[in-house]
Amino acid sequence: MPPPESLEALFSEHHAAIYRAAYRVTGSTADAEDVLQTVFLRLVRREEAIDLGRGASAYLRRAAVNAALDLCRSRRRQRSTAIDDVEEAALEDHEPDPERAHRSREARGLVRDSLAELPARAAEIFALRYFEGLGNKEIAQLMRTTQTAIAVTLHRTRAKLQKDLGALVGG
């Protein structure tokens, strides 16, 4: 278990980036906060020491994406709705174009559902690329693989999502 001072320093420095990564995947403030807690609880509960050093930011964002995807998968199995989703929907109903807000909410939900159905590695790579904005080279280093493997995985994942979401965009 890392010393409390180092956890506090890690939290102070990286909590906002972890929260943003989780929010991009889950789309819910409550879920993003849960993921933030999960990431740090997992660090505390680790039996073996981990040297985050200079790679702390990338490691913690990857941990956030994984925890967020785990949460999305479990929610999909439970078929529950987070209270924030209801609150956000109520707020969006006050937007000037309710139809657009509804389509946007629906599209985000479909993307999240489709991501939850992907194999874990493909979903993680997709989230790191398109939600976190990392390049293929950075992802390859994080995942300990080649840029070609990342590019192929992204291509296949985009093709699958495009197929899954085809009905949304009219075929």
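Arg61, found in helix 3, is in contact with Ala17, Ala21, Glu132 and Leu134 once its neighbours within four places in sequence are left aside. In this predicted model, Arg61 has a relative accessible area of 18% and counts as buried, because the cut-off for that class is under 20%. The points below turn to another buried residue, His14, then to a pocket lined in part by helix 3, and finally to the contacts that helix 8 makes with helix 7 and with helix 6.

**His14 in helix 1**

- His14 has its place in helix 1, which covers residues 4-26, and with a relative accessible area of 9% this histidine is buried.
- Apart from its neighbours within four places in sequence, His14 is in contact with Ala56, Ser57 and Leu60.

**The second largest pocket**

- The second largest pocket has a volume of about 160 Å³, and the elements that give two or more residues to its lining are helix 2 (29-45) and helix 3 (56-78).
- Its lining is made up of Val39, Arg42, Leu43, Arg46, Tyr59, Leu60, Arg62, Ala63 and Asn66, and helix 3 provides the largest share of that lining, with 5 residues.
- Sorted by class, the lining of this pocket holds 5 nonpolar, 1 polar and 3 charged residues.

**Helix 7, helix 8 and the loop between them**

- Arg144 is found in the loop between helix 7 (136-143) and helix 8 (147-165), where it counts as exposed at 77% relative accessibility.
- Phi of Arg144 is near 55°, a positive value in a residue other than glycine; as background, most residues other than glycine have a negative phi.
- The axes of helix 7 and helix 8 come within 8 Å and cross at roughly 105°, and the two helices are therefore roughly perpendicular to each other.
- On the helix 7 side of this contact are Asn136, Lys137, Ile139, Ala140 and Met143, which meet Gln147, Ile150, Ala151 and Leu154 in helix 8; the residues of the contact divide into 6 nonpolar, 2 polar and 1 charged.

**Helix 6 against helix 8**

- Helix 6 (residues 120-131) and helix 8 have axes that come within 9 Å and cross at roughly 95°, so this pair of helices is likewise roughly perpendicular.
- From helix 6, Ala122, Ile125, Phe126, Arg129 and Tyr130 meet Ile150, Thr153, Leu154, Thr157, Arg158 and Leu161 in helix 8, and by class the residues of this contact divide into 7 nonpolar, 2 polar and 2 charged.
- Ile150 and Leu154 of helix 8 take part in the contact with helix 6, and both are also listed in the contact with helix 7.

**Leu161 in helix 8**

- Leu161 lies in helix 8 and counts as buried at 6% relative accessibility.
- Leu161 and Val111 are 50 residues apart in sequence, while their C-alpha to C-alpha separation in space is 7.6 Å.

Technical notes. Residues numbered from 1 in each chain as written. Predicted model: local features only at pLDDT ≥ 70, side-chain atom pairs only at ≥ 80, totals over all residues. Heavy atoms only, no water. Helix = DSSP H or I, 4+ residues; strand = E, 2+ residues; numbered from the N terminus. Buried < 20%, exposed > 50% of the residue type's maximum accessible area, 1.4 Å probe, protein only. Contact = heavy atoms within 4.5 Å. 1 Å grid on protein atoms, 1.4 Å probe; cavity = no way out; pocket = protein on both sides within 12 Å on 5 of 7 lines; lining within 4 Å. Points joined across faces, edges and corners; volume = space filled by probe spheres on them. Nonpolar A, V, L, I, M, F, W, Y, C, P; charged D, E, K, R; others polar. Axes fitted to C-alpha atoms, helices over the stretch in contact; angles between N-to-C directions. Parallel < 35°, antiparallel > 145°, perpendicular 65-115°, else oblique.
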